[in-house]
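The questions below take a structure part by part, and each answer works towards the name or value that was asked for.

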Amino acid sequence: MKLSRRTFMKWSGSGVIGLSLLRMGIDLEPVKAYASQLKIEGAKEVISICPFCSVGCHIIAHVKDNQLVSTEGDPEYPVSEGSLCAKGAAMLSMTRNPHRVTAPLYRAPYSDKWEEKSWDWILKRIAARVKETRDQGLIRTNARGEQVNRLENLFSLGTSHMDNEECALVHQAMRGLGVVHMDHQARI
Ligand code: SF4
């Protein structure tokens with residue numbers, strides 16, 4: 001009989017497996033003591049989806065006291081069968097790594113260091129640079145005199161941290177500016 005992970009967890013939770021092993025004379029006390037120290041002991045399992053590419057691997061997220069305590073691949077997801085690439089495997093650190101960047105960083109021209117800036121400051125700065133670049137590079141007409149409003153000095157690179165809807169919004173905004181050169185990182 002094929003034993004799925006869920007069935008195993010259910011059985012072990014209900015003591016069926018433990019009872020069978022006990023009947024075979026195997027002492028489970030050391031195993032129980034070890035399990036009680038595991039960070040996922042008593043945690044709720046929530047199935048989530050890795051956001052980093054279109055494979056969409058399922059992730060089992062363990063939540064305890066409203067905190068994410070562990071993530072792992074879902075063996076029942078038929079595409080990846082529980083395996084995760086380096087990005088998906090590092091999912092937990094995306095939420096709790098102390099080295100994670102949590103504010104915009106700016107490096108001034110010719111500077112050798114990054115400065116932390118507010119979102120207001122950085123968004124105004126980006127908007128000003130985009131306008132400046134567009135004012136310099138907008139091609140209004142082609143060689144035949146037809147209106148094209150094409151911008152070739154600005155390039156847009158999408159990030160796998162955006163979902164489909166966010167990508168659609170960015171795409172529309174870029175096309176609205178006239179950007180023709182675009183690519184996206186979240187592809188296999
Ligand atoms: S980034 Fe990796 S883990 Fe995430 S969905 Fe893609 S292949 Fe799966």
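Q: Which residues does Leu 138 touch, not counting residues up to four places away in sequence?
A: In this predicted model, contact is taken as heavy atoms within 4.5 Å. With residues up to four places away in sequence left out, Leu 138 touches Asn 149, Arg 150, Leu 151 and Leu 177.

Q: Which residues make up the largest nonpolar core?
A: In soluble globular proteins, nonpolar side chains tend to be buried together. Here the largest nonpolar core holds five residues in all, namely Leu 138, Leu 151, Leu 154, Met 174 and Val 179.

Q: How many residues of the shell around the ligand are charged?
A: The ligand is surrounded by residues including Cys 50, Phe 52, Lys 87 and Gly 88. By class, the shell divides into seven nonpolar residues, two polar and, as the charged share, one.

Key:
Residues numbered from 1 in each chain as written. Predicted model: local features only at pLDDT ≥ 70, side-chain atom pairs only at ≥ 80, totals over all residues. Heavy atoms only, no water. Core = buried A, V, L, I, M, F, W, Y, C linked by side-chain atoms within 4.5 Å. Buried < 20%, exposed > 50% of the residue type's maximum accessible area, 1.4 Å probe, protein only. Near = heavy atom within 4 Å. Nonpolar A, V, L, I, M, F, W, Y, C, P; charged D, E, K, R; others polar.
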